[in-house]
Amino acid sequence: MICVQTGLYIGAASDLKDCQSLTADGITHVLTVDSEAPNLPGCFQSKFVYALDESCTDLLSSLDDCVTFISEAFANPSSAVLVHCHAGQSRSAAVVTAFLMTSNKVSLMTAYTTLQKVKPDVRINDEFLDQLELYEMMGCEVDFSSPLYKQYRLKKLTEKYPELQSVPKEVFAADPTTSGQTRDNDIIYRCRKCRRTLFRNSSILSHNAGTGPTAFAHKKIGSTIQHAGSAAQRQCTSHFIEPVQWMEPALLGVLDGQLLCPKCSSKLGSFNWYGEQCSCGRWVTPAFQIHKNRVDEIKPLHVPGLLSGNS
């Protein structure tokens with residue numbers, strides 16, 4: 001067990017074998033990030049987060065709860081928290097790093113370096129480092145409505161459900177035709193053929209533009225890609241979005257297929273849980289793409305006179 005800063009310790013499962021020593025060292029709270037919950041005496045306040053030290057583990061979604069547990073413990077100046085996993089090197093290190101980022105208002109790099117200085121054997125696995133980087137991009141707070149988080153959650157779903165026979169309901173965005181699901185300031189997208197509302201702008205998952213036709217070079221004759229650098233050629237011709245409730249019947253049990261309008265059945269685009277390449281060259285995984293020429297963008301109309309009550 002190593003002291004990271006006043007009141008905060010990082011350790012391994014073996015540190016729990018001697019609870020008397022923990023009490024003597026002032027430990028009052030134990031945060032376990034492991035595959036099994038420890039059997040602790042009632043003198044400790046404890047929290048258990050199930051997490052394997054594997055790339056498929058979603059630790060990001062639990063970081064806020066972990067940080068809150070530690071922060072609430074520190075509301076009492078006499079409290080001390082032990083954060084541990086099995087070896088005290090990866091999962092617990094990721095949680096401690098997240099807490100340092102949040103409480104000390106420092107970057108991921110600074111927090112991780114600080115931890116490595118006091119415990120040189122910590123080795124956060126690459127997947128957890130990627131999740132911490134995403135945590136940092138969201139302002140050290142998990143924003144479940146963020147396109148970054150939605151894309152991350154979909155990737156994790158693809159890893160967890162390779163057969164895709166069961167998709168959690170919360171993955172699907174609400175159907176905008178459902179009563180009360182569309183706000184006055186929403187930009188909505190409608191089927192160009194039948195005008196059925198399909199999704200809102202909040203469902204669009206943006207991505208960095210790829211390199212245009214150069215990304216498809218393996219399919220091209222050399223002379224045909226020499227003008228690949230223009231912005232026009234790198235333009236995205238599809239909206240990549242999160243799954244919407246009306247898509248659910250088409251997605252279950254298959255890895256890829258067409259996306260059809262739920263009202264008129266006209267083809268809107270396609271989906272592939274293992275990803276598709278955008279026209280800009282960027283690979284998006286998983287991919288639920290709606291072709292821009294199959295939908296109309298409807299922006300809210302704001303008339304100043306009407307908003308102020310004047311004629």
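Student: Which side chain does lysine 156 join in a polar contact?
Tutor: The partner is glutamate 127, in a polar contact of 2.9 Å between the two side chains. A polar contact is a pair of N or O atoms within 3.5 Å; within protein, one must be able to donate a hydrogen and the other to accept it, and residues adjacent in sequence count only if both atoms are side-chain atoms. Keep in mind that this is a predicted model, where local features need pLDDT of at least 70 and side-chain atom pairs count only at pLDDT 80 or more, while totals for chains, interfaces and linings use all residues. Residues are numbered from 1 along each chain as its sequence is written, and side-chain values use heavy atoms, with hydrogens and water left out.

Student: Where is lysine 156 found, and is lysine 156 buried or exposed?
Tutor: Lysine 156 is found in helix α6 (residues 147-160). Its relative accessibility is 8%, so lysine 156 counts as buried. Buried means under 20% relative accessible area, exposed over 50%, and partly exposed in between (1.4 Å probe, protein chains only). Helices (H or I, at least four residues) and strands (E, at least two) are DSSP runs, numbered from the N terminus.

Student: And which residues of α5 are buried?
Tutor: Glu127, Phe128, Gln131, Leu132, Leu134 and Tyr135 are the buried ones in α5. They cover an arc of only 160° around the axis, which puts them on the same side of α5. That arc is taken from the directions from the helix axis to the C-beta atoms. On the other side of α5, Asp126 and Met137 are exposed.

Student: What sits at the ends of α5?
Tutor: Asparagine 125 caps the N-terminal end, with a side-chain oxygen 3.0 Å from the backbone nitrogen of glutamate 127. After α5 comes glycine 139, which has a positive phi near 80°.

Student: How far apart are the end C-alpha atoms of α5?
Tutor: They are 17 Å apart, which agrees with the 16 Å that the 12 residues of α5 (residues 126-137) should span at 1.5 Å a residue. The expected span is 1.5 Å times one less than the number of residues in the helix.

Student: New topic! How many salt bridges are there?
Tutor: The count comes to 10 salt bridges. A salt bridge is a side-chain nitrogen of Lys or Arg within 4 Å of a carboxyl oxygen of Asp or Glu. One of them joins lysine 169 and glutamate 248, at 2.8 Å from N to O. Lysine 169 lies in the loop between α6 and β6 and glutamate 248 in helix α7 (residues 248-251), so the pair ties together parts that are 79 residues apart in sequence.

Student: Are those two buried or exposed?
Tutor: Lysine 169 counts as exposed at 60% relative accessibility, whereas glutamate 248 counts as buried at 17%.

Student: What does arginine 196 pair with?
Tutor: Arginine 196 forms a salt bridge with aspartate 175, and their closest N and O atoms are 2.8 Å apart. Arginine 196 is in the loop between β6 and β7 and aspartate 175 in the loop between α6 and β6, so the pair ties together parts 21 residues apart in sequence. Both arginine 196 and aspartate 175 are buried.

Student: How do β6 and β7 run?
Tutor: Strand β6 (residues 188-191) and strand β7 (residues 197-200) run antiparallel, joined by three bridges. Strands pair if DSSP finds at least two bridges between them. Arginine 190 stands opposite threonine 197 in β7. The hairpin has five residues between the strands, and arginine 195 there takes a positive phi near 75°. Arg195 is also linked with Arg192 and Asp296 in a network of salt bridges.

Student: Last one: what does the side chain of glutamate 276 contact?
Tutor: A polar contact of 2.6 Å joins the side chains of glutamate 276 and glutamine 289.
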